Amino acid sequence: MFLVNWFFDVLGWIGLYKKSAKIVFLGLDNAGKTTLMHMLKDNIMQIHEPTLHPTMEEIEIENIKFNAFDLGGHKEARRLWRDYYTTVDAVIFIVDVADQERLEESKKELNSLLSCEELRSVPFLVLGNKIDKKEAVSEEELRTIMDLSFTTGKNEKSKNGELRSIEVFMCSIKNRMGYKEGFQWIGKQLK
Ligand SMILES: Nc1nc2c(ncn2[C@@H]2O[C@H](COP(=O)(O)OP(=O)(O)OP(=O)(O)O)[C@@H](O)[C@H]2O)c(=O)[nH]1
């Protein structure tokens, strides 16, 4: 009973209780994917052993599977990711908003994912991470730089089933701020 409550708490907290999904964390190296995976793990008492792989991590909580892939120049990760992406239900794309020099590279990576036919109807949550750093750009600046001015809406579910939902949430994974709202939004987009 205690375990059941625990799962309810964690998945309820991130808006994914009773959902079944494969969620993938993507982004350049150093964006914060591993830190986010660890934050989830720390909140979870019993998880399947993570798959140890230099470029891919995996955890499972009940019916939710989280995978993280590095896309920052790792050929092996890209190959693994390509084998995997036809079955993905949601993408969480993490951007280091304090690393202004790499925002353009992040944008290119995001755009190439957004143009993938296989991901045409997959919801995308863009997490602008590291807002605790003084170099961090604002949400407005991030949206401008990354061409994300028109998004679904933070309280919305995409109205047309054909249209992909996409939204930006700013966060500091280190300070455990902001990403919960992002997960809750992604929870709403899943069936
Ligand atoms: N200030 C700050 N640092 C953060 C935050 N999130 C992650 N970091 C730091 O950013 C660095 C990279 O984080 P990782 O989680 O390893 O990033 P990654 O995307 O998994 O990167 P690779 O493993 O290199 O692909 C680490 O030193 C983290 O401690 C944050 O919210 N704020």
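Author: Quick note first: UniProt positions follow the numbering used here, feature names are shortened, and annotations may be inferred rather than shown by experiment. This is a predicted model, where local features need pLDDT of at least 70 and side-chain atom pairs pLDDT 80 or more, while totals for chains, interfaces and linings use all residues. Residues count from 1 along each chain as its sequence is written, and side-chain values use heavy atoms, without hydrogens or water.

Reader: Thanks! Which residues does UniProt list for "binding site"?

Author: The unreviewed entry gives Asp 29, Thr 34 and Thr 51.

Reader: And where is Asp 29 found?

Author: Look in the loop between S1 and helix H2 (33-42); helices (H or I, at least four residues) and strands (E, at least two) are DSSP runs numbered from the N terminus.

Reader: Why does Asp 29 count as partly exposed?

Author: Because its relative accessibility is 27%; under 20% is buried, over 50% exposed, and partly exposed lies in between (1.4 Å probe, protein chains only).

Reader: Switching to cavities, how many of 30 Å³ or more turn up?

Author: The whole-structure search finds 1, and the largest cavity holds about 80 Å³ of space. A cavity is a set of points on a 1 Å grid over the protein atoms alone where a 1.4 Å probe fits but cannot get out, with lining residues having an atom within 4 Å of a point. Points join across faces, edges and corners, and the volume is what probe spheres set on them fill.

Reader: What lines the largest cavity?

Author: Among the lining residues are Leu 28, Asn 30, Ile 94, Asp 99, Arg 102 and Ser 106. S4 gives the largest share, 3 residues.

Reader: Nice. Which residues have the most contacts inside the largest nonpolar core?

Author: Trp 81 and Leu 142, in a core of 26 residues. Strand S1 (21-26), helix H3 (75-84) and strand S4 (90-96) are among the elements that each supply at least two of its residues. A separate second core of 25 residues includes Ile 59, Ile 64, Leu 125 and Leu 127. Such a core joins buried Ala, Val, Leu, Ile, Met, Phe, Trp, Tyr and Cys through side-chain atoms within 4.5 Å.

Reader: Last one: is Ser 165 buried or exposed?

Author: Ser 165 is buried, because its relative accessibility is 5%. This serine sits in the loop between helix H5 (139-145) and S6.

Reader: What does the side chain of Ser 165 make a polar contact with?

Author: The side chain of Gln 189, at 3.1 Å. A polar contact is an N or O pair within 3.5 Å; within protein, one atom must be able to donate a hydrogen and the other to accept it, and sequence neighbours count only if both are side-chain atoms.

Methods:
1 Å grid on protein atoms, 1.4 Å probe; cavity = no way out; pocket = protein on both sides within 12 Å on 5 of 7 lines; lining within 4 Å.
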